[in-house]
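Have the structure open while you read.

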Amino acid sequence: MNSVVVGLQWGDEGKGKVVTYLSRKYDCVVRYSGGSNAGHTVDYGQFKLVHHLVPSADLRLRKGMYIASGVAVDLSVLLQEIEQIENLFPGSSELLQVSKQSHVVVPFYRELDGKIDVARSEPVGTTRRGIGLCYANRALRFGIRLEDFEEEQSLEKRLAELTKVWNLQVDTKLILSQLLDMYRRLSYLLIDSVEAFEKLRDKDLLFEATQGVLLDVDAGTYPYVTSTNCSSSGVQAGFGFPVRLDKVIGVTKAYTTRVGEGPFPTELKGEEGEKIRRLGGEYGATTGRPRRCGWLDFVLLRYAVKVSGCDELILTKADVLNGFERLAVCVAYDIDGVKVRDVKNLRNIHKAEPLYEEIEGWRDLGSLSFERFLKRIEQETGVKISHVSTGPKVEDIVEL
Ligand code: IMO
Ligand code: MG
């Protein structure tokens with residue numbers, strides 16, 4: 001069985017924890033999108049791991065991990081993460097493979113990412129991890145792939161060409177030697193995509209998305225999005241081969257967060273938003289930025305469920321709202337004086353005035369009012385909730 005876990009909001013829904021928990025039922029966890037802009041925090045109890053590139057497989061169970069060609073690979077981040085998992089679970093990096101056809105984030109992409117973003121009249125607020133640059137260079141056919149490292153001379157030429165295109169005064173020789181050094185340390189992990197496909201085609205694969213449907217470059221709140229198809233639609237292209245998905249599992253928080261710029265109709269700018277941020281620890285795992293917080297938005301959730309083909313839902317962070325007396329959900333928008341329950345695109349959501357309905361709070365997740373909240377989500381989305389996360393740790397999850 002093949003499944004994908006996608007975020008149904010603007011990222012940080014708890015995909016890492018969910019993937020770690022679900023990985024016990026699969027042979028291998030596959031990353032197919034994004035790069036080190038992702039930050040998936042997994043709380044094992046005794047320690048926490050933040051995954052930026054290494055798939056969030058349960059390391060205690062020694063499952064396979066594969067970084068497919070659709071991922072933008074930052075070699076320094078990958079090396080750091082490997083060191084981290086090796087310290088905790090010696091020998092675990094042997095279970096990891098990385099596609100030779102994946103593109104490399106060249107160090108100066110990060111700086112360019114920031115420069116491009118601040119040059120905009122309305123910045124996106126990227127993570128500055130060079131992800132947009134990596135995918136742009138891939139599309140421009142100036143990108144550097146891991147397989148290019150096999151021929152040093154041509155790599156040098158490619159790198160020089162890249163600096164010329166972007167008009168950079170950098171020490172190409174130094175960058176080259178740093179990249180080569182990192183590449184050599186990682187070379188034992190590399191595999192051609194075709195070989196990986198042959199090894200994995202008969203296995204049970206769990207695809208781990210990055211970001212969220214609303215940050216997908218096509219389906220999301222363009223231009224305030226990331227640079228890949230991080231929704232379920234990106235699985236085939238990011239993996240590199242046809243793969244039948246048996247299940248699309250969507251993860252949503254009981255409220256909404258967003259980090260970076262862009263429209264966010266249910267954002268709570270005052271005290272309530274601050275309270276959710278504090279109680280939910282809503283600070284970016286990659287950049288440390290405070291996340292913008294707001295109520296759950298059924299208009300956007302329905303949209304995300306629809307465009308991702310979501311078959312089942314996993315609800316996270318409802319425990320953060322334990323004890324809140326007043327809770328609200330957005331049931332529709334007022335756009336230019338018209339009540340809108342469903343949107344066909346996200347073009348006008350910057351104009352959306354959320355129409356709220358107050359709902360009864362819950363003392364804890366055993367409360368009847370919480371059960372009613374779950375039913376309400378199922379009614380509004382037309383999709384069943386399969387699991388509810390009850391706390392931060394991997395095991396804090398119940399199957400319904
Ligand atoms: P995970 O996988 C939340 C946001 C950035 C910015 C926009 C574009 O942890 O859910 P980029 O660096 O990708 O060019 O930035 O996307 N963003 C995320 N927000 N979670 C993420 O990943 C994100 N990855 C990118 O804040 O608004
Ligand atoms: Mg994150």
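## Strand β10 and its surroundings

Let's start inside the sheet: Cys-28 sits opposite Leu-205 in β10. Keep in mind that this is a predicted model. Cys-28 belongs to a pairing in which β2 and β10 run parallel, joined by four bridges. Strand β1 also runs parallel to β10, with three bridges between them, and here Ser-3 has Leu-206 of β10 as its bridge partner.

What covers β10, on one face or both? Both faces are covered. Leu-205 and Phe-207 point to one side, Leu-206 and Glu-208 to the other, and all of them are buried.

Zooming out, β10 is part of an open sheet of ten strands with mixed pairing, in the order β9-β7-β5-β2-β10-β1-β11-β15-β19-β20. The edges are β9 (190-191) and β20 (397-399), each of which pairs on one side only. At the β20 end, β19 (residues 384-389) pairs with β20 in the antiparallel sense over three bridges, and Ser-389 stands opposite Ile-397 in β20.

The pairings described so far, side by side:

| Strand pair | Sense | Bridges | Opposite residues |
|---|---|---|---|
| β2 and β10 | parallel | four | Cys-28 and Leu-205 |
| β19 and β20 | antiparallel | three | Ser-389 and Ile-397 |

Helix α1 (residues 15-22) lies across several of these strands, including β1 (3-7), β2 (28-31), β10 (205-208) and β20, and runs at about 160° to β1.

## The magnesium ion

Which residues coordinate the magnesium ion (ligand 2)? Asp-12 does, through OD, and Gly-39 does, through O, at 2.0 to 2.3 Å. The two come from distant parts of the chain, 27 residues apart: Asp-12 is in the loop between β1 and α1, and Gly-39 is in the loop between β2 and β3 (40-43). Asp-12 counts as partly exposed because its relative accessible area is 22%, whereas Gly-39 is buried, at 13%.

## Two crossing helices

Now for a helix pair. The axes of α3 (residues 108-119) and α4 (residues 131-140) come within 7 Å and cross at roughly 100°, so α3 is roughly perpendicular to α4. On the α3 side the contact uses Tyr-109, Leu-112, Asp-113 and Ile-116, which meet Ile-131, Leu-133, Cys-134 and Asn-137 in α4. By type, the contact residues are six nonpolar, one polar and one charged.

Definitions and conventions. Residues are numbered from 1 along each chain as its sequence is written. Chains are lettered from A and ligands numbered from 1 in the order in which they are written. This is a predicted model: local features need pLDDT of at least 70, side-chain atom pairs count only at pLDDT 80 or more; totals for chains, interfaces and linings use all residues. Side-chain values use heavy atoms; hydrogens and water are left out. Two strands pair if DSSP finds at least two bridges between them. Contact means heavy atoms within 4.5 Å. Axes are lines fitted to C-alpha atoms, for helices over the stretch in contact, and angles run from 0 to 180 degrees between N-to-C directions. Donors are N, O and S atoms within 2.8 Å of the metal (3.2 Å for Na, K and Ca); water is not among the atoms, so sites may look incomplete. Buried means under 20% relative accessible area, exposed over 50%, partly exposed in between (1.4 Å probe, protein chains only). Angles under 35 degrees count as roughly parallel, over 145 as roughly antiparallel, 65 to 115 as roughly perpendicular and the rest as oblique. Ala, Val, Leu, Ile, Met, Phe, Trp, Tyr, Cys and Pro count as nonpolar, Asp, Glu, Lys and Arg as charged, and the others, Gly among them, as polar.
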